Protein chains: 2
Amino acid sequence: VEYRSKYGDILLSNCQLGTIPMQRIKQVNKPTTLITDEIRRIDSRENAFTKARRGDYGPAVQRESPHAATKDPLSVSLADIRRFVALVETNEIAPHIAPIPEDPGVLTRHIKRLGYFLRADIMRVCNLPEYAVYSHDFQGNPIDINYKFAIVIIMAKEYPTLRASNGYDWIGVPLSYDLYLRLAVISETIANYIRRLGYSASPEYTGKMPEGCRVLFAPLLLWSGVGEVSRAGLILNPFLGMHYKAAAVLTDMPLLPDKPVNFGLQDFCQHCEICADFCPSKAIPRGNKVIHNGYETWKLNEKLCHSFRVLNKKGTYCGRCIKVCPWTKPNTLPHDLVRWSVQHSGFARRIAIKASKALKPEKAESNKKWWFDLEETDGVLTIPPDID
Amino acid sequence: VEYRSKYGDILLSNCQLGTIPMQRIKQVNKPTTLITDEIRRIDSRENAFTKARRGDYGPAVQRESPHAATKDPLSVSLADIRRFVALVETNEIAPHIAPIPEDPGVLTRHIKRLGYFLRADIMRVCNLPEYAVYSHDFQGNPIDINYKFAIVIIMAKEYPTLRASNGYDWIGVPLSYDLYLRLAVISETIANYIRRLGYSASPEYTGKMPEGCRVLFAPLLLWSGVGEVSRAGLILNPFLGMHYKAAAVLTDMPLLPDKPVNFGLQDFCQHCEICADFCPSKAIPRGNKVIHNGYETWKLNEKLCHSFRVLNKKGTYCGRCIKVCPWTKPNTLPHDLVRWSVQHSGFARRIAIKASKALKPEKAESNKKWWFDLEETDGVLTIPPDID
């Protein structure tokens, strides 16, 4: 009550805080994906990138791996600057808790609104499940951290560029690295601020130095209600499809977790196989979900997917599934109407899938292509010989 | 012609590249402000900040100066992270120019579109006038640089927060520091990329280390056509008013300069004195422009302005003129109609000024206030005693 005069109703009401109306999506108590109690913690080194580098995917993939993500000059520039952001020193937690409300609802809305102020696209919160924390970090050290909450920060790929791309060309990695850089900046800023308020806070983002990111984002995205599991194996948001990246700030500041969401995606992906149709590596499965490490999910063939990305001569990596997904649509009225109807009707989902196929989701708006196809090898730029 | 297949028409046409339709504004050959040939280069240490610190504005201002800009925890967090960005090491210029078109028009549109990709709000280009380069840097060294062009990067303050602010409260500095941090990141990234293409490039932004920013932004904003001189002394953009910040990348890459703009602001500001009416320090002059260091401009009383900012007990610094300016309006259809009509008609300008006064431009949307009023002294946070 004492603080009432010091902030606005915006921190007490349920009004929308950012530009994306997540409050319109049905909130549920559990993720729409079955999560059993048999999930084991994963070593952060056990991912496609490290497997590729140590030769699990064959000698050609091993040889190309070190430079595959940064073979165009714009990706290298974005990675360069991120390296310096990742050197940020951790400030000390203030010895006293700040004279601010202790109400978790108010604090949650304050931190979310701060995220939007700093240009996040979606801010969500969940409890931090133990299995979302990797067992070992990039340096091989066991991870023993214990935070109550994860603040999940989402940023969307620059949409007009995604439209201009075919999904596996020379703007693929820059589309992601733009986000990784900005997510590094925003999560370091929010963590620094929370520590100044007297609470613990650890920023976790792709490229964090030196220990690497210490959490798996998929369970955080499910529990905080960013999206549902998709056929392509990524967590799909109803407004951003899969064209976004996430970072997190882990904290013990008292917060109010969000709930998972259900917008009919399990049925949608069951009947839609557009991503599988267009996947150049045939890594995306057709048919039904399986149980994998305790999750009920469609299981991507990581070896096929990552090998194609690394060996792709027509661009940097690949995000073709993101490009062709019917959910990769702008936030305009006609698309909002479709978005609403497919949440509520299986019939609408069938129609939407048919319409998406008919409208050629694979098409690149090539007249909007603004980047140059350039490959950087030892600081020398050449035009790659093999471009679509 | 060889490159035609490798990029889209977007780099050849005149279509709008970002979200702000600057092409709708009348382009002219010279700034609407008279610039004589008597402009002397300025020492970068000769600004209100350094004058305040060395005691030119009296002992009280001198004493408060060191901490005035970073007395709230969010500003300190944003400044902390920017310090690390400012430590970015300069990459070498590639020994060969990249195999890309040498057409200045294509290169200009490529770099501008890159800026929008990286979330700039406006990208413009001008020749670099000698008098836009400071004579000495922050460390006292003479500046001797010679670049042909300045790429001007504009980012707008987060508008909903500006609406919630009264212009001199505890969110003033964070509104600017959010931009300074993001401008540091984007200008370092673009400069790094241009150097990889084989051209010189120097990022210039507020907080650059260790030499400080080496250019004055006002002449760059005038010549590149970001805006016109306003009564408050800042360069006003027709879509963003004065609620933006600028950075620049200086380069010799062949570019096509933009032209200055004329949207009727000299007549508008002559008749509108809203900023002067509401200025808490009475630093903004009424009446006519004067000639100052070769520029025809309204001359702000820097001592009054800066002393108020430093001694302000009700918040961090002050941006009241930005808050109350009739041009601080969102990019919506009704405002676009007014924007169009005041460009073309003196009568419309008189009506718009009257309407602005009647609509209480000073009003803060206090129900949207999401920040806490907090003052940080030696790491301890307190609620400032004197809040409006």
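1. In this predicted model, the interface of chain B and chain A holds 28 residue pairs in polar contact, counting pairs in which both residues have pLDDT 80 or more. On the side of chain B that touches chain A, two or more residues come from each of helix 3 (73–85), helix 4 (104–117), helix 5 (159–164), helix 6 (172–196) and strand 10 (380–382) of chain B, and helix 6 of chain B gives the most, with 12 residues. Sorted by class, that side has 41 nonpolar, 11 polar and 16 charged residues.

2. As for extent, 68 residues of chain B are in contact with 68 residues of chain A, and the two chains bury about 5,700 Å² between them, 70% of it on carbon and sulfur atoms. In chain B, the residues that lose the most area to chain A are Phe117(B), Trp370(B) and Phe372(B), which together make up 15% of what that side buries.

3. The rule also finds 8 salt bridges across the interface of chain B and chain A; the side chains of Arg196(A) and Glu376(B) meet in a salt bridge at 2.7 Å, N to O.

4. The side chain of Asn192(A) is joined to that of Arg196(A) by a polar contact of 2.8 Å, and to that of Ser77(B) by another of 2.9 Å. Leaving aside residues up to four places away in sequence, Asn192(A) touches Asn91(A), Ser77(B), Asp80(B) and Ile81(B).

Key. Residues numbered from 1 in each chain as written. Chains lettered and ligands numbered in written order. Heavy atoms only, no water. Contact = heavy atoms within 4.5 Å. Buried area = accessible area lost by both parts, 1.4 Å probe. Salt bridge = Lys/Arg side-chain N within 4 Å of Asp/Glu carboxyl O. Polar contact = N/O pair within 3.5 Å; in protein donor to acceptor, adjacent residues only side chain to side chain. Helix = DSSP H or I, 4+ residues; strand = E, 2+ residues; numbered from the N terminus. Nonpolar A, V, L, I, M, F, W, Y, C, P; charged D, E, K, R; others polar.
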